[in-house]
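Please open the model in your viewer and keep the selection panel at hand.

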Amino acid sequence: MSEYDYEPIRGLPYRLPEDEKILWQGSPKWRSLAVHLCHVRTITLYFALLIAWRVVATALDGKPVSEAYELAAFLALLNGILVSIAVIWSILLAKTTIYTITTRRVVLRYGIALTKAVNVPLRFVKNVAMNRHSNGCADIAFETSGKDRIAYLILWPHARPWRVSPTQPMLRSVAEPEKVAEILKQALAPFAAQSVDENENKETQAATDQQDAEKKVTDPGQPAAEAA
């Protein structure tokens, strides 16, 4: 992760090597962030239930329903303030976040007050998970290998929920997720093939070493003959 003030390329804190190309860039959709990250619907439903409970409780006590209006108006105002804050924050988050997929890495640029960038090399990506939303957007998370880890609180909200150790970087509320998934699949293909080749080489070497060890154990006469 790095902090910076200047972008030579939009969404990137540095220029890419000549043999590395940008495949896709995008930002979260603020409406989806408001619903699925800030849970504005849940907040509104909660206050609506509080207002309804207050009105019903007042009526059951035999008191005029008008007595509940003052508290109901206060709760409605509080709900409006909280939802407005959530919406404004979602808009700012969407405007200051850029996700970039290249032929070698995924870069998450984010930060409302302080700009940060997280570089996820594709060679370290072990698995990709997608969580689709009803509005057509989706969250795309990356399970990574390697020793370098990013603290969950530093990466939040661009981190998969409840995956603290290790933290999984996540592209939030991405539009056209099928298109992004296909781009990721094509970008990861060379590294997946490279990983398979490395595993096959390791297995071949391990089998060769085991055969050599077995040959030494089953052929004890050879050292004796040499000694004679």
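Colour the protein by secondary structure and follow the elements from the N terminus, where they run β-β-α-α-α-β-β-β-β-β-α-β-α-α, a total of six helices and eight strands (DSSP runs, H or I of at least four residues for helices and E of at least two for strands, numbered from the N terminus). This is a predicted model, in which local features need pLDDT of at least 70 and side-chain atom pairs count only at pLDDT 80 or more, while totals for chains, interfaces and linings use all residues. Residues are numbered from 1 along each chain as its sequence is written, and side-chain values use heavy atoms, with hydrogens and water left out.

Next, select the buried residues (under 20% relative accessible area, 1.4 Å probe, protein chains only), which make up 34% of the 228 residues.

Now select Trp24, Ile101, Val106, Leu108, Phe142 and Leu171, which have the most contacts inside the largest nonpolar core, a set of 22 residues (buried Ala, Val, Leu, Ile, Met, Phe, Trp, Tyr and Cys joined through side-chain atoms within 4.5 Å). Among the elements that give two or more residues to this core are strand 4 (105-110), strand 7 (138-144) and helix 5 (177-218), and helix 5 gives the most, with five residues.

Centre on Val106 and display its contacts (heavy atoms within 4.5 Å): leaving aside residues up to four places away in sequence, Val106 touches Thr100, Ile101, Val118, Asn119, Val120, Leu122, Phe142, Leu171 and Leu184.

Finally, select Ala34, Cys38, Val40 and Val83, which are included in a second, separate core of six residues.

Notes. Buried means under 20% relative accessible area, exposed over 50%, partly exposed in between (1.4 Å probe, protein chains only).
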